[in-house]
Amino acid sequence: MLIIDGKKVSLDLKNELKASVDNYRAQTGKVPGLTVIIVGQDPASQVYVRSKAKTCKEIGMISSVIEMPADTTEEHLLNTIKDLNNDPAVHGILVQQPLPKQIDEFAVTLAIDPSKDVDGFHPENLGRLVMGHLDKCFVSCTPYGILELLGRYNIETKGKHCVVVGRSNIVGKPMANLMLQKLEATNCTVTICHSATKNIPFYTQQADILIAAIGKAGFITADMVKPGAVVIDVGINRIEDASTKNGYRLVGDVDYDGVSAVASAMTPVPGGVGPMTIAMLLKNTLQSFQRTNGL
Ligand code: NDP
């Protein structure tokens with residue numbers, strides 16, 4: 001079985017992005033800038049934000065983090081976003097989710113200028129994706145990273161049956177819509193399953209490409225997978241493990257040991273889809289810089 005190594009691909013991609021950034025700096029004296037806003041003290045969010053800022057700096061982009069207290073009002077956050085929308089040095093704006101209860105996440109998504117929405121969550125970007133204008137939108141980072149993995153591993157997609165389990169706005173829906181597009185790296189017949197789907201194995205057993213974005217540890221078992229299928233595991237789930245330092249470890253939505261005996265190719269967790277997500281965020285930020293500067 002082929003292990004689709006997201007860690008390696010993300011490193012290659014980051015090196016390519018760094019080379020582009022160096023090039024643009026030499027050419028124009030300017031570099032892309034990403035601003036991340038974090039509201040409150042959620043420990044997992046803090047880890048993600050630090051990691052995004054660190055990777056940004058590694059590849060030579062300008063990164064700034066705006067930390068706001070948990071009791072920040074929606075109005076204050078929206079005004080900050082407005083200022084960033086008008087700041088020419090900022091090419092990408094990301095507001096880390098989840099947000100505290102007093103802030104409407106959708107209002108925040110709508111407030112970000114679609115041309116700086118490097119998360120690809122704004123309805124304008126999602127709408128353009130659905131219509132197939134991928135060169136004129138930002139594709140949300142996790143589905144975009146999966147597309148990049150499929151492409152770099154030369155996974156055949158045309159005419160294949162892709163089954164996506166999960167229909168969230170940030171993973172399942174954009175993923176399924178991407179695989180449906182008439183593009184060289186997609187062009188699949190697509191089925192989407194969710195929590196109200198009856199007899200999920202009936203669908204997953206037909207998948208040539210199975211993408212699991214559910215949030216349930218080990219949900220996809222070997223008996224649900226067609227022999228030879230390509231399996232992409234988006235899930236990140238903490239399970240208790242007394243043998244580790246933290247008392248837990250991270251596993252995916254796919255039962256790795258069982259399914260790896262059936263699948264032809266598979267992403268591990270960790271080291272599969274996860275590392276690609278940050279790399280694609282930076283790729284989107286670079287794309288925003290290129291579009292703004294006509295490069
Ligand atoms: P959400 O919780 O927003 O969505 C989960 C989806 O799975 C929903 O559509 C839900 O259905 C469906 N689902 C839940 N339970 C079942 C079930 N028993 N049977 C069938 N479908 C079910 O999660 P996300 O999409 O944000 O994330 C999914 C997973 O991917 C999580 O583990 C998350 O941590 C991980 N993730 C990983 C990323 C990465 O970079 N690797 C990035 C983003 C997420 P319904 O709509 O009916 O409720």
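**Exercise 1. Locate asparagine 154 and state what its phi shows.**

Solution. Asparagine 154 sits in the loop between H6 and strand S5 (161–165). Helices (H or I, at least four residues) and strands (E, at least two) are DSSP runs, numbered from the N terminus. Next, take the backbone angle: phi of asparagine 154 is near 50°, a positive value in a residue other than glycine. For comparison, most residues other than glycine have a negative phi, and most peptide bonds are trans.

This is a predicted model, in which local features need pLDDT of at least 70, side-chain atom pairs count only at pLDDT 80 or more, and totals for chains, interfaces and linings use all residues. Residues are numbered from 1 along each chain as its sequence is written, and side-chain values use heavy atoms, with hydrogens and water left out.

**Exercise 2. Describe how H6 packs against H7.**

Solution. Start with the geometry: the axes of H6 and helix H7 (residues 172–180) come within 9 Å and cross at roughly 40°. Axes are lines fitted to C-alpha atoms, for helices over the stretch in contact, and angles run from 0 to 180 degrees between N-to-C directions. Angles under 35 degrees count as roughly parallel, over 145 as roughly antiparallel, 65 to 115 as roughly perpendicular and the rest as oblique. H6 and H7 are therefore oblique to each other. Then list the contact (heavy atoms within 4.5 Å): Pro143, Tyr144, Ile146, Leu147 and Leu150 of H6 meet Pro174, Met175, Leu178 and Met179 of H7.

**Exercise 3. Describe how H1 packs against H6.**

Solution. Helix H1 (residues 6–28) and helix H6 (residues 141–152) pack at about 100°, with axes 11 Å apart. The two helices, H1 and H6, are therefore roughly perpendicular to each other. H1 supplies Gly6, Val9, Asp12, Leu13 and Glu16 to the contact, and H6 supplies Glu148, Leu149 and Arg152.

**Exercise 4. Identify side-chain atoms placed close to ligand oxygens.**

Solution. Arginine 167 has a polar side-chain atom 2.8 Å from an oxygen atom of the ligand. Threonine 277 has a polar side-chain atom 2.7 Å from an oxygen atom of the ligand.

Definitions and conventions
Polar contact = N/O pair within 3.5 Å; in protein donor to acceptor, adjacent residues only side chain to side chain.
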